[in-house]
Amino acid sequence: MMDIKSTNWRGVRKSHLLATLAVFLLQYHLHISATCVEATKKVHIVYMGEKKHEDPATTRKFHHKMLSTLLGSKQAAQRSILYSYRHGFSGFAARLTESQAVKIADFPGVIQVIPNRIRKLHTTRSWEFIGLNQHSSKNLLIQSHMGIWPESKSFNDQGMGPVPPHWKGICQGGEHFNSSNCNKKLIGARWFIKGFKDEIRKPLNTSNTMEFLSPRDGGGHGTHTASIAAGYFVEKASYRGLAAGMARGGAPLAHLAIYKVCWSIEGGGCTDADLLKAFDKAIQDGVDILSVSIGNEIPLFSYVDKRDSIAIGSFHATAKGIPVICSAGNDGPTSQTIVNTAPWLITVAATTIDRAFPTAITLGNNSTLWGKSMDVGKHNHGFAGLTYSERIAVDPTDNSGEDCQLGSLNTTLAAGKIILCFSKSDAQDIISASKSVFEAGGIALIFAQFHNDGLDPCKLIPCIKVDYEIGTQILSYIRKARSPIAKLSFPKTVIGKQASPQVASFSSRGPSSISPAVLKPDIAAPGVDILAAYRPANHENGKAYALLSGTSMACPHVAGIVALIRSMHPNWSPAAIRSAIVTTASQIGTDGMNIFEEGRTRKLADPFDIGGGHVNPEKAMHPGLVYDISMEEYIQFLCSMGYSISSISSLTKANVNCKQNNHMKLNLNLPSITIPNLERKVTVTRKVTNVGLVNSVYRAIAQSPFGIRMRVEPKILSFDSTNNTLSFKVTFFSTQTLHGHYKFGSLTWTNGKNFVRIPIAVSNIESYADV
């Protein structure tokens with residue numbers, strides 16, 4: 001097996017394909033001789049772009065014939081092939097040596113040969129918080145990558161309508177799962193493991209794991225995200241006694257189809273071959289919406305690099321009118337960490353909601369400080385000894401003791417104590433610190449961290465999370481007291497007491513490193529401490545719920561809203577739906593102030609944190625105007641990126657004609673404007689389509705970025721029955737001569753009732769060519 005990251009496939013690619021999306025690579029660092037690599041067969045994806053035959057059986061025969069020609073016989077081809085992709089696009093996955101991969105890349109019709117890789121996941125009150133009450137939708141079919149726990153009450157079919165007539169999917173059986181597990185809520189389930197099985201090169205044994213060789217959820221991630229999007233109403237749902245109340249999805253009467261491609265075996269992950277087959281089958285089955293909580297790491301692949309498998313699948317899905325919603329990534333708060341940056345995707349950032357779990361810490365001097373915790377039922381002691389990790393470090397000269405790294409604490413001094421640890425970087429988290437404290441004999445952990453959002457339950461000992469200010473107050477007490485002690489109380493559930501939403505510290509930030517003219521993320525949604533269905537620990541049916549955080553949780557919130565919009569506006573394109581969500585978003589929190597972001601320095605959230613703002617489902621149903629985009633416009637955008645005609649045409653049945661438009665990168669009709677390098681003056685064009693009252697008049701309200709002057713022409717748009725779509729231009733003038741960072745503004749069209757707002761980001765970086 002070869003090192004996947006270092007493989008050079010430039011000689012294999014004949015041309016390029018439109019793609020984006022992103023994934024966490026599971027890196028392998030195995031050193032094997034070149035002779036051994038050549039002899040080893042590994043799964044490769046032979047990508048052939050848009051299918052040439054409408055009949056899937058004909059396409060499959062063509063794939064087998066090509067592989068037979070390469071390998072010398074039909075029998076060899078049958079042994080080699082894993083999947084035939086023949087619904088959304090054409091191609092196949094097969095076991096090939098490196099030399100065979102190079103040879104088949106030269107076959108007519110082959111665009112690129114892609115080595116298979118393992119990818120990673122991005123891993124209630126939230127719906128009431130964003131203002132969505134008893135809405136429903138009956139046409140959502142959502143992709144969930146880690147399977148489903150069908151017995152959960154969130155997936156019962158009480159009150160559900162009939163299965164949509166266009167549905168062609170199946171309920172595929174396997175370990176502890178059969179057709180009886182499907183119903184009118186869970187109408188389909190499939191699982192794909194051939195690519196993953198070949199990648200790990202070990203027999204699959206689930207007897208000692210939580211995994212199942214079936215659509216059944218082994219890790220909990222799929223059940224959680226699916227129930228966020230479309231879970232049915234469940235009264236008094238709670239996690240360890242916290243957050244008791246109704247749990248439901250955004251579209252509780254929507255139908256679900258599950259496509260399990262990620263596995264909790266041998267480190268876990270999902271492979272390109274399985275992901276592509278899931279997309280291919282989802283398109284064939286008749287899904288209406290796809291939710292994808294998977295992403296990659298920086299640096300990103302270009303949009304025409306076929307190694308980005310989810311991008312390939314999502315492009316073909318979008319071309320068939322299926323919106324694809326993706327998570328933004330969990331690498332924040334660092335700038336330029338945003339993933340899933342393709343302009344045809346809806347990319348979602350994560351925010352907090354107004355629910356908290358405050359936990360009292362009573363010190364020996366009778367002062368009470370507050371942290372946050374999920375650990376109910378473990379705080380069963382009274383006052384106990386309290387100490388700081390640095391005081392009980394095995395090696396006082398080693399800084400590892402400060403943040404309680406494994407093996408850094410003296411077991412004699414830690415025994416029976418509550419330990420205070422400071423995390424000075426993201427290298428140490430509360431779960432790892434709790435394990436270190438537990439193994440040293442400590443009975444509880446107080447974990448001080450620069451950000452105070454997002455909680456994790458500690459299974460071994462009770463943990464309380466505090467910010468640096470509270471942590472420092474506790475440390476000051478420890479240093480002053482002769483025998484410091486503390487008592488930890490049970491957590492409480494409190495709603496409406498903290499200003500929300502705030503952008504989660506982990507949520508990845510823009511601008512896009514690969515196409516900075518495309519604003520990402522598009523939107524923000526709840527993704528911190530979200531209560532939803534989960535895989536039960538002891539097979540108790542329908543009773544398991546969990547509080548999880550991540551952009552994986554934010555993504556299905558928007559997927560549920562997309563389902564509601566689609567049920568009300570079935571003919572809207574994916575771009576129109578995205579526009580409705582972005583242009584109606586909110587920038588104001590529950591305290592009446594602008595939304596802030598959690599990070600190393602707390603600041604006002606900008607479009608690189610939240611895109612258009614925080615999602616507002618009620619307003620998104622009636623946006624007034626939409627910024628629509630055709631597939632041809634996406635093609636011209638790719639032309640402006642400098643990609644070859646042959647690489648772009650591989651995605652379409654028709655020949656591509658790249659127009660000479662140097663500003664198409666800026667003029668793609670996105671519900672945003674981003675100008676990465678404004679030297680003096682630039683004009684961009686947008687068009688809006690009226691989806692409200694036929695006779696409407698909208699006026700422009702421009703909020704210019706600092707140091708930038710904006711001119712909108714025309715300033716008034718008058719719509720009637722013959723003028724449904726109108727264009728306008730925005731000219732930006734730089735009033736500064738020094739290079740600088742991005743500045744932000746907005747442009748709003750209003751008729752007095754609707755306020756159709758798009759975010760604006762401009763950087764007036766000067767050229768250094770003449771310096």
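Trainee: Which residues of H2 are buried?
Mentor: Thr 59, His 63, His 64, Met 66, Leu 67, Ser 68, Leu 70 and Leu 71. Buried means under 20% relative accessible area, exposed over 50%, partly exposed in between (1.4 Å probe, protein chains only). Helices (H or I, at least four residues) and strands (E, at least two) are DSSP runs, numbered from the N terminus.

Trainee: How were the numbers and values set up?
Mentor: This is a predicted model, where local features need pLDDT of at least 70 and side-chain atom pairs count only at pLDDT 80 or more, while totals for chains, interfaces and linings use all residues. Residues are numbered from 1 along each chain as its sequence is written, and side-chain values use heavy atoms, leaving out hydrogens and water.

Trainee: What do the buried residues of H2 pack against?
Mentor: Helix H3 (74-80), strand S3 (81-85), strand S4 (91-96) and helix H4 (98-104). Contact means heavy atoms within 4.5 Å.

Trainee: And what comes just after H2?
Mentor: Gly 72, with a positive phi of about 100°.

Trainee: New topic. In what order do the strands of the open sheet run?
Mentor: S3-S4-S2-S5, four strands with antiparallel pairing. Two strands pair if DSSP finds at least two bridges between them.

Trainee: Which are the edge strands?
Mentor: S3 and strand S5 (112-115), as each pairs on one side only.

Trainee: How many bridges do S2 and S5 pair over?
Mentor: Four, in the antiparallel sense, with S2 covering residues 42-47. His 44 stands opposite Pro 115 in S5.
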